[in-house]
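Let's take a friendly walk through a protein structure together. Keep the sequence and the 3D view open as you read, and look up each place when we get to it.

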Amino acid sequence: MVVLLIACLFSAALSPLSAFGAEPIRLGILAFPFKAQALAQWQPLTVVLKQAMPERDFVVVALSQSELNQAVESRQLDFVLTNGGQYVLLRNRYGLSSPLATLASNGNGHSLTVAGGVIFSRVGQSRITTLSDIKGKTVAAVATESLEAYQMQAYELRRVGIRLPQDVKLLTTGLPHDQVVEAVLAGRADVGFLRSGVLEAMVRDSRLDINQLNIINPQVFPDFPFQVSTRLYPWWPFAAMPHVDENIARHVAAALFKLEDNTAVTSAMGMHGFVVPADYRSVEDVLRELRMPPFEVVPPFTLQDVWVRYRWQTMGALLTSGVILLLGVSLLLMYRILAVNYNIVLLHQQKLQESEEKFRTVADYTYDWEIWEDPAGTCLYCSPSCERVTGYSAEAFMTDSGLLARLICHEDLPLWKAHYADEHDVTKVRKITKAHANQLEFRILHQDGEVRWIGHICYHVYDAEGRDLGRRISNRDITERKKTAEALRQSVERFRDLVESMNDWIWEVDRNGRYTYVSPKVETLLGYKQEEVLGKSPFDFMPPDEGQRVGKVFGETIAKRAPLIALENTNLHKNGRLVVLETSAVPFFDLNGKFCGYRGIDRDITERMQMLQALEEANLLLEKELVERKAAEQELQVVNEQLSILLDSLPIAIHRSRAEGDFALTYMSHNVVTVTGYEPGDFIEKSDLWITHIHPDDAPGIDSGRTILFEKGANTYEYRWLAADGSYRWIQDSRRLIWFEDGTPSYIVGIWQDITERKQVEEKIRRLNDELGERVQARTKQLLEAQEELVRKEKLALLGQVAGSVGHELRNPLGVMNNAVYFLQTVLAEADETTREYLNIIKNEIADADRIVSDLLDAVRTMEPQPVAVDVRELIGQTLRRYLLPSTMTVTLEIPETLPPVWVDAEQMQQVFRNLISNGVEAMAEGGTLAISALENRQEDTVTVHVRDNGSGMTPEVLAKIFQPLFTTKARGIGLGLVVVKNLTRANRGTIMVQSEVGQGTTFTVTLPAMHSSLKGS
């Protein structure tokens, strides 16, 4: 672009030398918003004009509005480009020419030659919904001199009876326009005025969330891409000063019209080009109505004007006065009579003139298109509003009687002709009464090519003697009403289709509980047709006892005007079977707040109730199994007793040992051979044989058992002993301490009993008990999991129903409260510390509520991910930068630079890691270290990220439920954060696992697909 401009300037420099001798042509441009910006924007225009007229030089002068007025007044300029309002001012005061061309701006890819004004308020201000609601409110505008940002809006308000600035509190902010939006959002103003396109530009530059604003009196115009609240008015005109040669003006205009073909220059100037000049009379109407310059002063009415207007009346009065003077006293009485009559005539003339002026004022400024025809059908009067309705001027209709018939659409023309014939039929007109009005609706083709609906009504007008004076006709543009009616019809059809396609039964009852509407689904649920249900109450379809129960609950709910939530009730199907319904309803009221009845929905939960019944039966079965287990335990106890008797009958070995020293055996009975395989002498000869053959795991218990023996005098050991065949045998060793008469230990006697078989039986019984317990636990776990799955599905179903409405109903007030807190923090910046602390608490509470709403919405509707190649280091870095960590928290990162990118949705994965980091921070309330590491698995083409904290950790019971919806251990959570994490990770083709230990911390492991693996899969 710079090369193009240099080439143009170079070509201009090579023009004939005669060009240097001519006075340069000065182009005056209204600077908006800044002079430097305006000069840079319009400088390429001088190059284009120089190429078109090499013999002349051109200079761009950027001026403010006041400077432009002074430059035109002193004739320092040759051409002027400004807005429509200032053009009308300059044309009327200094004789500026008719527009040579109209500027076509570039609006979102459209060529725009018109602009409008926008009127808006903050979302949540329910008291400001129409133009009439603005009266008495604070209005913010850039300046009253701005046509697009003040005067257009003031003109619209004037038409509904609101006069600016008298009827509002006006707040002028000055440029830029952003200050108007800031004033409204901060609460300093209730309403804001802006030029069309400003809001869209702020949204495009991420300076505004458009959902925070509400457009008042929105207008829809085809092919106009911006929101607008007013009519559309022509864009900036390009005009010549009176002293400019006509030939130069014509060449300049031709160059302007060719400008749109030079896309390089128009792109540099941020415009589309110039088009045929528009009609700026609509702008003049706005300025006249508002008494803005140059129409701010009413012309004086002098005696000379009276003489010019009433010359002959005055001369007649003087002549009459002379005659009266000549007649003298004899004609004095007649003179007085004539004087009185003359005054009456003047009064009548004045009243007639005032009446005519009032008629013109009312008729010319009426919103509808008014016509007066004489009895022959000749148009006597046509109001200027016909141009708004049809695009054609009043003069066109006055001079062309057939114009209206040619505008009527072909399909409606026969209807119009029949109506016109009836209105001009003499035989029928005589029968028409004065109060008779004939109405008709038809379509016309507007001059801009748009089809518009016309509401036509005509009256026959009669004088005092009953003579027909013609017809008074009112034509109103009812296109918007027709569109609204069609939109309402389509909305009703969509509602009907939605209701009739639902699996649930939608209904409405009046204040007496009688059905006034039921959807066709009632026939599927209860077998009755709609007409069989209308007029009856819900209790007519219930068993008597159920009707009394539900009627009592419903009566208490109606008395409180409270919603009815998930009321289970049993109904009788037409074929006699029972149907269980779940009823939810809300009360509704008329415009005066009077209770009208309830609207609700019934869902068939018969199958769910059957599942619950099956669950109860399963619980009964479990109780039966527990009873059987108890019986089995009693039976095992009997077996143990019998086994004890059997074991007592087995051979035993009796032994004696010293009570001190090495506690060596001094005696062993012979049946020890049966127990151990060793001879009694072996134990006597080898004093360490007994102690060395004890199993190493059981040896430590011998010393502790010996201590008990000396304390209590008796003790029983059980240990494993290595028999002669190389096998360990379980030995029950019962010992008793024998004392001397002086109380000192004498010796120890005991009995060895082989309890190996008993131990084996006990082990088998233990295993059987463990297996039975495991079976019972498994069965119990299956039943509990089935019950939890059913409850979880019910929760998710209810969550899905309320999530949309909760998100919409809570987020708007949360946004308003957040703005209010921001405003209070700004206003109360110097307040005491306690006030600022409470404001911060409110702000944090709002943020927590907004997070809960976000989790709620994300849990029920996971958006389809938009995967791209994402660097893991950058992803974790952005997440940490957006999260404010406490000062007591330390973060360590171990993420290699050689990691391949992952193929995921960056926004969704940021939300995943933000939730995991937030959980880690909350787990380390007293501070700690959050360790984030990542590694690549080339075999599986994945990247694994570990988020580890050294916080309080989780028990196994909590760990098993953390991904279940609505489960939480937090005092302020709702149990959806980790559900969202799991859903988003799965949506991005990843997995998530968790390990935790109480007191040691928790580690979340997220595995994501690497970029090349995702490309292979796709």
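Predicted model: local features only at pLDDT ≥ 70, side-chain atom pairs only at ≥ 80, totals over all residues.

Start with a pair of side chains: that of Glu 370 makes a polar contact with that of Ser 474, at 2.7 Å. A polar contact here is a pair of N or O atoms within 3.5 Å; within protein, one must be able to donate a hydrogen and the other to accept it, and residues adjacent in sequence count only if both atoms are side-chain atoms. Residues are numbered from 1 along each chain as its sequence is written, and side-chain values use heavy atoms, with hydrogens and water left out.

Where does Glu 370 lie? It lies in strand E15, residues 369–373. Helices (H or I, at least four residues) and strands (E, at least two) are DSSP runs, numbered from the N terminus. Is Glu 370 buried or exposed? Its relative accessibility is 11%, so Glu 370 counts as buried. The cut-offs are under 20% relative accessible area for buried, over 50% for exposed, and partly exposed in between, using a 1.4 Å probe and protein chains only. Leaving aside neighbours within four places in sequence, Glu 370 is in contact (heavy atoms within 4.5 Å) with Tyr 381, Cys 382, Ser 383, Ser 385, Arg 472, Ile 473 and Ser 474.

Now step back to the whole protein. There are 34 helices and 36 strands, and 39% of the 1018 residues count as buried. Among contacts with a separation of 6 or more, 62% are between residues 24 or more positions apart.

Next, look for an open sheet of 5 strands, in the order E9-E8-E10-E7-E11 and with mixed pairing. Strands E9 (169–172) and E11 (213–215) are the edge strands, each pairing on one side only. On average, neighbouring strands of this sheet are turned by 30° against each other, direction ignored. Axes are lines fitted to C-alpha atoms, for helices over the stretch in contact, and angles run from 0 to 180 degrees between N-to-C directions. Strands of a sheet pair through backbone hydrogen bonds, either parallel or antiparallel. Two strands count as paired if DSSP finds at least two bridges between them. Strand E7 (residues 117–122) pairs with E11 in the antiparallel sense over 3 bridges, and Phe 120 stands opposite Ile 215 in E11. Helix H5 (residues 147–158) packs on the sheet, where it touches E7, E8 (138–141), E9 and E10 (191–195), and its direction makes about 120° with that of E10.

Strand E20 (residues 505–510) and strand E21 (residues 515–518) run antiparallel and are joined by 3 bridges. Glu 508 has Tyr 517 in E21 as its bridge partner.

In H27, Ile 702, Gly 705, Arg 706 and Leu 709 are buried. Why are they on the same side of H27? Because they cover an arc of only 105° around the axis, where the arc is that of the directions from the helix axis to the C-beta atoms. On the other side of H27, Pro 700, Asp 703, Glu 711 and Lys 712 are exposed. The buried residues of H27 pack against helix H26 (689–692) and strands E27 (714–722), E28 (728–739) and E29 (745–754). Just after H27, Gly 713 takes a positive phi of about 90°.

Finally, visit some backbone exceptions. Most residues other than glycine have a negative phi, and most peptide bonds are trans. The bond from Leu 164 to Pro 165 is cis, with omega near 5°, and Pro 165 is found in the loop between H5 and E9. Asn 217, in the loop between E11 and strand E12 (233–234), has a positive phi near 55° and is partly exposed, with a relative accessible area of 24%. Asp 223 lies in the loop between E11 and E12; its phi is positive, about 65°, although it is not a glycine. At 68% relative accessibility, Asp 223 counts as exposed.
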